[in-house]
Amino acid sequence: MFAHPAEWLLTLTLGAGLGFFGGLFGIGGGIIAIPLFALVFDMPQALAQGTALVMMVPNLLMGWWRYQQRHPGDRRQALAIAVAAALTTALLAHWATRAPPLLLRSLFSIFLIVLAWRLLRPQRVKAHDSAAKLGPRWLPLVGVLGGSSMGLLGIGGGLVATPLLTGLFGLRQTLAQSLALALVTPSAVIALLSYARAGQVNWQMGLPMAVAGLCTVSAGVALAHKLPDARLKCSFAWLLLLCGLWLLFGIARG
């Protein structure tokens with residue numbers, strides 16, 4: 001256990017903060033937690049990703065269960081995307097736990113910066129096209145791409161899958177998010193097991209942070225519903241950009 005009560009308090013406070021921001025921005029908290037673990041707590045990149053998954057898994061399980069109650073989707077489609085994602089996650093997580101730390105950290109930071117750029121660039125207003133451009137038989141490909149992100153980086157499955165499902169398959173946003181959760185949730189569990197088997201999880205830090213985060217995620221969600229969508233999107237994009245640049249700066253200094 002922690003040597004001092006101050007360390008315990010700091011861990012719970014950080015977990016509560018990450019849970020709040022995870023609820024505010026609709027993420028599992030890993031995007032913020034991984035740079036924090038890597039640069040503030042000086043964890044190797046794989047250990048930072050594995051420890052962040054401890055926080056993400058319970059939040060994702062709860063979100064998936066609640067979302068299925070409100071927006072149940074096609075179970076065959078969910079199974080197809082989940083199986084493809086799970087297999088890909090297991091393969092890439094096995095490689096990630098053994099990859100050079102600087103390479104893994106560079107890939108993670110580049111992913112954040114590219115995602116931030118996509119969110120910040122001006123978007124052309126287009127009429128919504130609900131017609132499917134690809135058929136359901138291509139859904140496993142989305143699982144492969146989202147699972148690759150989850151296994152390699154420990155994050156990003158939903159961020160990759162949702163725009164693909166709406167843009168290429170013509171799915172409604174709610175159905176796309178439901179299928180994205182079907183992808184991300186089992187992938188996060190498999191990624192956590194893979195990182196844990198490789199000894200790349202700090203349970204002493206991750207578990208109390210996960211408990212504290214569950215207590216504050218609802219408050220973040222409540223605030224998100226009170227803020228304009230454009231402000232939330234812009235704030236999230238800048239957060240991603242700062243985290244990505246922070247990691248690159250840490251690599252350059254190292």
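Predicted model: local features only at pLDDT ≥ 70, side-chain atom pairs only at ≥ 80, totals over all residues.
Modeller: Of the 254 residues in the chain, 45% count as buried.

Colleague: What makes Ala82 count as buried?

Modeller: The place of Ala82 is in helix α4, and its relative accessibility is 14%. Buried means under 20% relative accessible area, and because 14% falls under that cut-off, Ala82 counts as buried.

Colleague: Which residues does Ala82 touch, not counting residues up to four places away in sequence?

Modeller: Ala82 touches Ala182 and Pro186, where a contact means heavy atoms within 4.5 Å. Ala82 and Ser187, moreover, are 105 residues apart in sequence, yet their C-alpha atoms are 7.5 Å apart in space. For the chain, among contacts between residues at least 6 apart in sequence, 82% join residues at least 24 apart.

Colleague: Why is Ser194 called buried?

Modeller: Ser194, which lies in helix α8 (residues 173-197), has a relative accessible area of 9%; the cut-off for buried is under 20%, and therefore Ser194 is called buried. Leaving aside its neighbours within four places in sequence, Ser194 is in contact with Ala90, Ala93 and Thr97. One of these, Ala93, is itself among the buried residues of α4, together with others including Ile81, Ala84 and Thr88.

Colleague: How do you know that the span of α4 is close to what is expected at 1.5 Å a residue?

Modeller: Helix α4 (residues 75-96) has 22 residues, and from its first C-alpha to its last it reaches 30 Å, whereas 32 Å would be expected.

Colleague: What is the angle at which α4 and α6 pack, and how far apart are their axes?

Modeller: Helix α4 and helix α6 (residues 139-153) pack at an angle of about 30°, with their axes 7 Å apart, and their crossing is right-handed. Among the residues that meet there are Ala84, Thr88 and Trp95 in α4, and Val144, Gly147 and Met150 in α6.

Colleague: How many residues of each class does the contact of α4 with α6 have?

Modeller: The contact of α4 with α6 has 14 nonpolar, seven polar and no charged residues.

Methods: Residues numbered from 1 in each chain as written. Heavy atoms only, no water. Helix = DSSP H or I, 4+ residues; strand = E, 2+ residues; numbered from the N terminus. Expected span 1.5 Å × (residues − 1). Buried < 20%, exposed > 50% of the residue type's maximum accessible area, 1.4 Å probe, protein only. Axes fitted to C-alpha atoms, helices over the stretch in contact; angles between N-to-C directions. Left-handed = near helix turned anticlockwise from the far one by under 90°. Nonpolar A, V, L, I, M, F, W, Y, C, P; charged D, E, K, R; others polar.
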